[in-house]
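Work through the exercises below with the sequence and the model at hand. Try each task before reading its solution.

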Amino acid sequence: MIQVPTAVLPIVIAVNTTGLNIWRATPVGGTSGLYLSRRALCGIFTGIITNWNDPILTYDNHNTQLHASLPIRVVRRSDSSGTTFLFTRHLNQVCSNWYYVQADGNNHPYRPGNLADWNLGAGTTVAWPASFLSASGDAGIASTIVSTPGAIGYVSPDYTRQVARPEISPAPVAANLQNHTNWAALVGDTTPTTAEHMPTAPSVANPEAVLTGLRLPSVKIAAAWSAALDTAALRNPTYRPPAYPNPALATAYPIVGFTMLDLYSCYFPAAETSTLKGLISWYTGHHPRVSTAVPDQIARKHGFVSLNQTFKDAVWAWANDATLGLKTGPISGTCTVSSGT
């Protein structure tokens, strides 16, 4: 099997904002004025932050308490999901507690750092806290969030209001505040400055910014491409412990991953190989009759980010690689069974 990249998608944090006292106006490219710092994100999805009145959420949101007392209802996928894999991989990378911690009486550190280690690993399914709600598919997650006061969860971008025609009427999304080194004010600082808060909404332009730091991997395997994207999304060139990993560009939305085509390396009869190569040529700009603008427009409409032409050319070369690309059988010991038999 081979996995060929098609596009980049942001994993979006959808939230039911009904009843929340959100101080900020909806930012350009976002669909709510709710800000979540990385320690808030990690705290919520590890089950440590459980109420919208939490001091960390208050601090993130201009020292304005979001609610007097409303439980946070985290909604997670019940089925095996690539979205879950990409999201938990991100949590696994950024939710660590190696920054020094001093209790403030609310089980929170004085300085930005995460409240608890993420210890569930990365996978298409993980052992989420028992208190979390569950739903099947992105549509199930989005509809549960919409119908549940205080709910929050993670979905593919095409199930949010940031796209023109979402699949269902979904919840708005939260902007992510990365833990830049200048986001280091004490909890007693009740007036965070603009420099201390650098939110990035998951609208298409911000995940696109991640691609500016993406470097072509030297080998044609999916893991190498994913590692390259992780590096672009979470490795600022000036990153040094104890600073937290962040994108090189402040505008880059860091919770991203590739969506892949899962393919065999060998097909028989030849028509199957040519059809699949035709699909890959279509979205990489190598189709003889269709401009790459067409698939790019479709991707953007659903909140996905198209690869730039350099990376599209690399994918097309991968598909046509004599050894690692798509081949036509019969090939002895590799591809000998006719389609449909």
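The exercises that follow treat pockets and salt bridges in this predicted model.

**Exercise 1. The largest pocket**

Task: State the volume of the largest pocket, find which elements line it, and sort the lining residues by class.

Solution:
- Step 1. The largest pocket holds about 380 Å³ of space.
- Step 2. Its lining is made of 17 residues, and those closest to the centre are Gly82, Leu86, Phe258, Thr259 and Met260.
- Step 3. Four elements each supply at least two lining residues: strand E1 (2–10), helix H3 (82–94), helix H6 (222–234) and strand E9 (256–263). The most comes from H3, with 5 residues.
- Step 4. Sorted by class, the lining has 8 nonpolar, 7 polar and 2 charged residues.

**Exercise 2. The second largest pocket**

Task: Describe the second largest pocket by its volume, its lining residues and the elements that supply them.

Solution:
- Step 1. The space in the second largest pocket is about 290 Å³.
- Step 2. Of its 17 lining residues, Thr6, Ala7, Trp282, Pro295 and Ala299 lie nearest the centre.
- Step 3. Two or more lining residues come from each of E1, E9, helix H7 (270–284) and helix H8 (293–301). H8 gives the most, 4 residues.
- Step 4. The classes are 10 nonpolar, 4 polar and 3 charged.

**Exercise 3. A network around Arg77**

Task: Which residues does a network of salt bridges join to Arg77, and is Arg77 buried or exposed?

Solution:
- Step 1. Side chains of opposite charge can pair when their charged atoms come close.
- Step 2. Arg77 forms a salt bridge with Asp79, at 2.8 Å from N to O.
- Step 3. Arg77 also forms a salt bridge with Asp138, at 3.4 Å from N to O. Arg77 is in strand E4 (residues 73–77) and Asp138 in helix H4 (residues 137–147), 61 residues apart.
- Step 4. Arg77 has a relative accessible area of 9%, and because buried means under 20%, Arg77 is buried. Asp138 is buried as well, whereas Asp79, at 22%, is partly exposed.
- Step 5. Through shared partners, salt bridges join Arg77, Asp79 and Asp138 into one network.

**Exercise 4. A link between two loops**

Task: Where in the chain do Lys220 and Asp321 lie, and what joins their side chains?

Solution:
- Step 1. A salt bridge of 3.7 Å, N to O, joins the side chains of Lys220 and Asp321.
- Step 2. Lys220 lies in the loop between helix H5 (205–211) and H6, and Asp321 in the loop between helix H9 (309–319) and strand E12 (327–328), so the pair ties together parts 101 residues apart in sequence.
- Step 3. Lys220 is partly exposed at 31%, and Asp321 is partly exposed at 21%.

Methods: Residues are numbered from 1 along each chain as its sequence is written. This is a predicted model: local features need pLDDT of at least 70, side-chain atom pairs count only at pLDDT 80 or more; totals for chains, interfaces and linings use all residues. Side-chain values use heavy atoms; hydrogens and water are left out. On a 1 Å grid over the protein atoms alone, a cavity is a set of points where a 1.4 Å probe fits but cannot get out, and a pocket is an open set with protein on both sides within 12 Å along at least five of seven lines; lining residues have an atom within 4 Å of a point. Grid points are joined across faces, edges and corners, and a volume is the space filled by probe spheres set on the points. Ala, Val, Leu, Ile, Met, Phe, Trp, Tyr, Cys and Pro count as nonpolar, Asp, Glu, Lys and Arg as charged, and the others, Gly among them, as polar. A salt bridge is a side-chain nitrogen of Lys or Arg within 4 Å of a carboxyl oxygen of Asp or Glu. Buried means under 20% relative accessible area, exposed over 50%, partly exposed in between (1.4 Å probe, protein chains only).
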